[in-house]
Amino acid sequence: MTEIRAADRDAIDQAAGLLRRGELVAIPTETVYGLAANATDDRAVARIFEAKGRPRFNPLIVHVGSPAEAARFAVMDDRVQELAQRFWPGPLTLVVPVRPPPPSGAAEPSPPSTLSPLATAGLDTVAVRLPAHPVARAVIAAAGVPLAAPSANRSGAVSPTDPRAVHEELAERVALILAAGRSPIGVESTVLDLCGDRPHLLRPGGCPLEEIVEAIGPVETAAVRADDDAMRPRSPGLAGRHYAPRTPLRLEARHHKAGEALVTFGPDLRQGPEVANLSADGDLVEAAANLFHLLRRLDKGGYAAIAVSPIPMAGLGLAINDRLRRAALPDRIG
Ligand code: TXA
Ligand code: MG
C-alpha cells in the first residue's frame, strides 16, 4: 500500500529511513514532485526506472543538500561554484563532469560508495541540483545521501505538481508519498550544461534564462553542441559521453567461445572468472543494478568479445536491451 502523509517531521524521518533502505519515496520540490531514491544505491536507482516504466536508461538529476555534497562526486569549477552561489537553492540544474573514481584495483561489484552509474545512465557527466523546497531539503538532510529524482510520473506523462497527481501516476509503485500541497513553481528545473567552454541550455525551466545570462554571460540555446564529435549523442539533453565497453559485445548469445567472456541472466550453471550473471534469480531490477558494474569488470579482462545471453523484453528488460544494443554499435555512440 502506498501511504500519503503530510510532510511533518515524523513523515520526513520515515521517508529518510525508507530511502536509506533502498525504497522509493515521492517528495515535493519547488518545481514538481520527484520520485526519489538513494543515488548511491544501484538497486534503488534501478527501481526508479522500473516504477516509471522508462524504456531506456536516461540520466537522472541528483539532488544534494549543499554545493560541498555535490563536489564529492561532481567537478565544481569556478564558473559552476558561481552559479551555485547565485541560484542554489533553486530551480537550476547544472550538468558537470563526474569526478573520476579513486584509482582501484578493487574487485567489482563493490559496495557503491559513490554515485550509481545508473543515475547518470553511464555518462561521464552528472546533473546536480540543490532544491529550494524546505521538505526536499529536510529529506535530503535526514537521509544523508544524494537523491536521484526524476519527475514522479510514469514515462511519457506530464510531471505531477500535487500529491493526488503523484498518486494517480505511481500508486503502489512507491513506498510513501510526502504531501506538501501544490508545487510552487510548477514546471521542471532549468537544465544547463557546463561541461564545455560555453554553457548550453538543455532544458528551459523554472530558472529564467535571462537571469543566467546576466550572471555568467552568453548561453548557447541550440540543443545540440556546435562542437559535438562522434562520441556525443546527438539527441538533446544528452551532452556527455556514455560508457561503452571497448570489448565488442555479441548479443543474444547462447554460448561463449574460447577467449570470450559471458554475461548470463537467470539460473545458469556456467561458472568461471569469465562468466558473470546479471541476476541468478532472473530479477530484472537486480540485473539493471549490476549491468554497468559487470560490463566494466569484464571490459578490463582482455577478452576477445563479451557474449551476452538473451534478456527478456519485459519491465526493465527493455532498458537493459536498449543499453546493450547501443553499447554494441560499432561507432560506440551512446
Ligand atoms: O525540476 C526538476 O528538475 C525535477 C524535480 C523532481 O527536481 N526533476 C526532473 O528530472 O525533471 P527528470 O529526470 O524528469 O529530468 C532530467 C533532465 C532530462 O532532460 C535529462 O536529459 C537531463 O535532465 N539530464 C540529466 N542528466 C544529464 C546529463 N548528464 N547530461 C545531460 N542532460 C542530463
Ligand atoms: Mg520528467
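## Basis and confidence

Residues are numbered from 1 along each chain as its sequence is written, and chains are lettered from A, ligands numbered from 1, in the order in which they are written. Local features need pLDDT of at least 70, side-chain atom pairs count only at pLDDT 80 or more, and totals for chains, interfaces and linings use all residues; side-chain values use heavy atoms, leaving out hydrogens and water.

The chain averages a pLDDT (the predictor's confidence in each residue, from 0 to 100) of 90. At least 70 is reached by 88% of the residues. Residues 224-239 stay under 50. For that stretch the model has 28 contacts (heavy atoms within 4.5 Å) beyond four places in sequence. Where pLDDT is low, the predicted coordinates should not be read in detail.

## The sheet

Helices (H or I, at least four residues) and strands (E, at least two) are DSSP runs, numbered from the N terminus. Ten strands form an open sheet with mixed pairing. Their order is β1-β8-β2-β3-β7-β4-β6-β5-β9-β10. The edges are β1 (3-6) and β10 (200-203), each pairing on one side only. Two strands pair if DSSP finds at least two bridges between them.

Strand β3 (residues 34-38) meets β7 (residues 147-148) in the antiparallel sense, over two bridges. A37 has A148 of β7 as its bridge partner.

## Helices across the sheet

Axes are lines fitted to C-alpha atoms, for helices over the stretch in contact; angles run from 0 to 180 degrees between N-to-C directions. Helix α1 (residues 9-20) lies across β1, β2 (25-27), β3, β7 and β8 (176-179). It runs at about 145 degrees to β8. Helix α2 (residues 42-52) lies across β3 and β7, at about 155 degrees to β3.

## A helix pair

Helices α4 (residues 78-87) and α7 (residues 209-216) pack at about 130 degrees. Their axes are 11 Å apart. That angle makes α4 oblique to α7; angles under 35 degrees count as roughly parallel, over 145 as roughly antiparallel, 65 to 115 as roughly perpendicular and the rest as oblique. From α4, E82, L83, R86 and F87 make the contact. From α7 come E211, I212, E214, A215 and I216.

## Backbone details

The peptide bond from W88 to P89 is cis, with omega near -10 degrees. P89 sits in the loop between α4 and β5 (92-97).

E172 has a positive phi, near 70 degrees, and is not a glycine. This residue is in the loop between α6 (163-170) and β8.
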